[in-house]
Amino acid sequence: MTLNTENRKKRIAHNFGSKAFQYEAYAKVQRHVSEKLASYMPDTMPEQILEIGCGTGLLSAQVLKKYPKSKFVITDLSSQMLNTSIQKFGPHNRLNYYVCDGENIKSHPEISQRKFDLIVSSMTFQWFQNPILSLNGISELLQNDGHIYYATLGQNSFLEWNDTLAKCKRQSGTLDIPEFPNIFAEEEIKVTYDSTYHFLRALKSIGANQPRQGYTPLSPSDLHKAITICDDMHSGQITWHIVYGCITK
């Protein structure tokens, strides 16, 4: 891992961790996605489950409810986020919690020795440096006939803001989203914010404000101009493109 990548991961963990106390008040899209992802998961009771990027436990709560007898390993890059989940679900003989980098989860000494029937993740893989390569590695932790169920941002996310910046001949700081594998469902969630500024503030309010690597921030005047144009064109509406995937070993 390069120093730049390591520093970026630390910033992502810090950004999310610093907003753990208020995350769920602003994470309406994330809550919806976690509920929908859980609804797609099989009804058969898995023995061992791993979650990558638990955050404050929105998906964890759904999985625990759906699989009340499974053993569950819950992980996150941010210790503050993980602690929020620990406080929510408490100690339990079928739950284990680990702070770890989901992108390099195979290097974790405890997790690397285990095999899982089900691996789940919601709104995390878009933050990985190499999402597709990482998914290949994560799949090695599956039992035969095991599944990875995941939800993440699709390539059409935040189209209104990105199109506005393109019209202004300015770069966007939104994440570079690859074409994820084995997508079985997708949706476009159109959220109307009070303004484009409030959309950007909403991202910051949950800690999701780390731009893509190599991005040079807009000057205050360019940012103000882009927000005004985006408001004029879209009246605060921003599209979240969500994709749902399943990888079977």
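Where is Glu47 found? Glu47 lies in the loop between helix 3 and strand 1. Helices (H or I, at least four residues) and strands (E, at least two) are DSSP runs, numbered from the N terminus. The model is predicted, so local features need pLDDT of at least 70 and side-chain atom pairs count only at pLDDT 80 or more, while totals for chains, interfaces and linings use all residues. Residues are numbered from 1 along each chain as its sequence is written, and side-chain values use heavy atoms, with hydrogens and water left out.

Glu47 counts as exposed, at 56% relative accessibility. Glu47 and Leu118 are 71 residues apart along the chain. Their C-alpha atoms are separated by 8.3 Å. Cys54 and Val120 are 66 residues apart in sequence, and their C-alpha atoms are 9.3 Å apart in space. The place of Cys54 is in the loop between strand 1 (48-51) and helix 4 (58-66). Cys54 is buried, with a relative accessible area of 5%.

Aromatic rings were examined next. Rings of Phe, Tyr and Trp (its six-membered ring) pair if their centres lie within 6.5 Å; planes under 30 degrees apart count as stacked, over 60 as edge-to-face and the rest as tilted. The search of the whole structure finds 10 aromatic pairs. One of them joins Tyr40 and Tyr244. This pair is edge-to-face, with 5.3 Å centre to centre and 65° between the planes. The pair links distant parts of the chain. Tyr40 is in helix 3 (residues 28-40), and Tyr244 is in strand 7 (residues 237-248), 204 residues apart. Tyr40 is partly exposed, with a relative accessible area of 29%. Tyr244, in contrast, is buried, at 0% relative accessibility. Ring pairs also link Tyr40 and Tyr244 with Tyr149 and Phe184 into a cluster.

Helix 5 (residues 79-89) has the buried residues Met81, Leu82 and Ser85. They lie on the same side of helix 5, because they cover an arc of only 95° around the axis. The arc is that of the directions from the helix axis to the C-beta atoms. Ser78 is buried, with a relative accessible area of 2%. Ser78 caps the N-terminal end of helix 5. A side-chain oxygen of Ser78 lies 3.3 Å from the backbone nitrogen of Gln80. The backbone nitrogen of Met81 lies 3.1 Å from a polar atom of the Ser78 side chain. A polar contact is a pair of N or O atoms within 3.5 Å; within protein, one must be able to donate a hydrogen and the other to accept it, and residues adjacent in sequence count only if both atoms are side-chain atoms. After helix 5 comes Gly90, whose phi is positive, near 70°.

Most residues other than glycine have a negative phi. Two residues here depart from that pattern. Asp145 is not a glycine, yet has a positive phi of about 70°. Its place is in strand 5 (residues 142-153). Asp145 is exposed, with a relative accessible area of 62%. Ser235, also not a glycine, has a positive phi of about 55°. Ser235 is found in the loop between helix 9 and strand 7. Ser235 is exposed, with a relative accessible area of 54%.

Helix packing was described by axes and angles. Axes are lines fitted to C-alpha atoms, for helices over the stretch in contact, and angles run from 0 to 180 degrees between N-to-C directions. Angles under 35 degrees count as roughly parallel, over 145 as roughly antiparallel, 65 to 115 as roughly perpendicular and the rest as oblique. The axes of helix 3 and helix 4 come within 8 Å and cross at roughly 30°. Helix 3 is therefore roughly parallel to helix 4. Their crossing is right-handed. A crossing is left-handed if the near helix is turned anticlockwise from the far one by less than a right angle, and right-handed if clockwise. Helix 7 (residues 159-167) and helix 9 (residues 220-234) pack at an angle of about 120°, with their axes 9 Å apart. Helix 7 is therefore oblique to helix 9. Helix 7 passes helix 9 in a right-handed crossing.

Technical notes. Buried means under 20% relative accessible area, exposed over 50%, partly exposed in between (1.4 Å probe, protein chains only).
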